[in-house]
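Dear colleague,

Please find below the sequence and structure that I am handing over to you. My notes on what was found follow directly after.

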Amino acid sequence: MSKVVELFGQSVSKPEVDWNAVVVGQQCVYAGKKCYKIRKSDPSTAIGSCTVLYGKEPAPIIICPNRLLERRQIFTDCLHLLTLHEPGNELHIVSEVAIPGGSVDYFLVSVKSGKVKDFVGIELQTLDTTGTVWPERQRLLKTLGVPRVDDGESSDKPFGMNWKMTAKTILVQMHHKIQTFEHVNKKLVLVVQDKLLDYMGREFKFDHLHNPAAIGDSMHLHAYRMKGQADESYKLVMESRLSTDTDGIGLCLGLQAEARIELEQIMQTLQAKLSATTLFAPV
């Protein structure tokens with residue numbers, strides 16, 4: 001049995017799906033365009049694997065960020081962070097915006113008379129895999145009776161989850177980006193699956209984060225779980241909200257905010273003592 005449980009945004013348990021059309025179309029139902037995850041060896045073929053079962057007690061793990069776009073709920077859940085938004089303002093969702101510190105996946109923007117009044121940055125992060133999910137994907141197509149371009153399902157090479165690298169990389173990126181948002185007094189939200197947040201909480205220092213989230217904090221973490229439905233499909237639902245700031249993300253990574261403050265104090269003390277008598281003049 002294949003470990004792929006969602007393909008091109010469709011639950012594999014839905015009997016009414018025309019899988020031949022889905023696989024040929026290669027359309028992501030969440031992004032409204034062709035799945036961007038393609039085979040390196042065949043760029044014309046999209047892999048389409050959104051969610052897979054993984055772990056000793058197999059649970060659905062999201063491996064594509066677009067899966068988080070279901071019902072656009074993640075944007076609705078950020079509305080309260082638009083503190084300058086007023087009734088009558090338009091809401092816009094702008095993707096892939098470059099800022100100092102990197103690019104942000106989405107901005108939820110409050111607009112009045114064509115002018116930006118407020119915004120919230122929204123970053124999506126799902127699990128990166130090790131190895132390839134292709135054999136599992138081909139195994140699924142065989143089960144569904146869909147023609148395959150190869151017999152990749154015969155491979156017994158398992159895929160894995162790159163928990164550590166995924167978690168550390170996104171925390172480092174957030175540490176860079178949140179400084180820009182704090183400077184302009186705006187909020188940045190990191191959207192993850194609850195399974196990834198659980199891992200981050202175990203492997204990094206998270207006990208100082210506000211739980212539930214404090215609206216005044218600049219950095220927010222929204223975690224969602226995959227809730228099983230009666231038809232064995234999954235629905236994305238909010239699980240928890242945490243928040244912190246630049247120094248808080250630094251503490252998550254083991255960076256000592258206190259050390260930075262002490263360094264500034266030492267430098268200020270040294271600068272106050274600078275004079276002509278302290279000038280070093282080699283003999």
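Glu-232 is exposed, with a relative accessible area of 61%; exposed means over 50% relative accessible area, buried under 20%, and partly exposed in between, computed with a 1.4 Å probe on protein chains only. The model is a predicted one, in which local features need pLDDT of at least 70 and side-chain atom pairs count only at pLDDT 80 or more, while totals for chains, interfaces and linings use all residues. Residues are numbered from 1 along each chain as its sequence is written, and side-chain values use heavy atoms, with hydrogens and water left out.

Glu-232 is found in the loop between β15 and β16, and has a positive phi of about 70° although it is not a glycine. Helices (H or I, at least four residues) and strands (E, at least two) are DSSP runs, numbered from the N terminus. Together they form a hairpin with five residues between them. Within this pairing, His-220 stands opposite Ser-243 in β16.

A second hairpin is made by β9 and β10, with two residues between them, and Gly-101 in its turn has a positive phi of about 105°. Nine bridges connect β9 (residues 90-99) with β10 (residues 102-112), again in antiparallel fashion. Val-94 is placed opposite Phe-107 in β10.

Two further backbone features deserve mention. Most residues other than glycine have a negative phi, and most peptide bonds are trans. Arg-72, however, has a positive phi near 60°; this residue lies in the loop between β8 and α2 (73-76) and is partly exposed, at a relative accessible area of 37%. A cis peptide bond, with omega about 10°, joins Asn-211 and Pro-212, and Pro-212 belongs to the loop between α5 (194-203) and β15.

As for the chain as a whole, it has seven helices and 16 strands. Its C-alpha atoms fill a box of roughly 85 × 55 × 35 Å along the principal axes. Of its 283 residues, 43% count as buried. The chain exposes about 15500 Å², of which carbon and sulfur atoms supply 54%; these areas come from the Shrake-Rupley method with a 1.4 Å probe, and for residues only the protein chains shown count as cover. Among contacts (heavy atoms within 4.5 Å) with a separation of 6 or more, 63% are between residues 24 or more positions apart.

Four strands form an open antiparallel sheet in the order β2-β1-β7-β8. β2 (10-11) and β8 stand at its edges with a single partner strand each, so one side of each is left without a neighbour in the sheet. Three bridges join β1 (residues 4-7) to β7 (residues 49-54), and Leu-7 stands opposite Ser-49 in β7. Ile-62 has its place in β8 (residues 59-62) and counts as buried at 1% relative accessibility. Its C-alpha atom is separated by 6.0 Å from that of Thr-126, 64 residues apart along the chain. Beyond its neighbours within four places in sequence, the contacts of Ile-62 include Cys-50, Leu-127, Met-226 and Leu-236.

The interior may be described next. A nonpolar core is a set of buried Ala, Val, Leu, Ile, Met, Phe, Trp, Tyr and Cys residues joined through side-chain atoms within 4.5 Å. The largest has 46 residues, and those with the most contacts inside it are Leu-7, Phe-206, Met-219 and Leu-221. Its largest share, six residues, comes from helix α4 (residues 163-183). Apart from this core lies another, of 20 residues, among them Tyr-30, Phe-75, Leu-82 and Val-120.

Helix α4 has 21 residues and reaches 31 Å from its first C-alpha to its last, close to the 30 Å expected at 1.5 Å a residue, the expected span being 1.5 Å times one less than the number of residues. A kink of about 25° is centred on Lys-177; the bend at a residue is the angle between axes fitted to the seven residues ending there and the seven starting there. The buried residues of α4 include Ile-170, Leu-171, Met-174 and Ile-178. Asn-185, whose phi is positive, near 60°, follows the helix.

With kind regards

How values were computed: Pairing = 2+ DSSP bridges.
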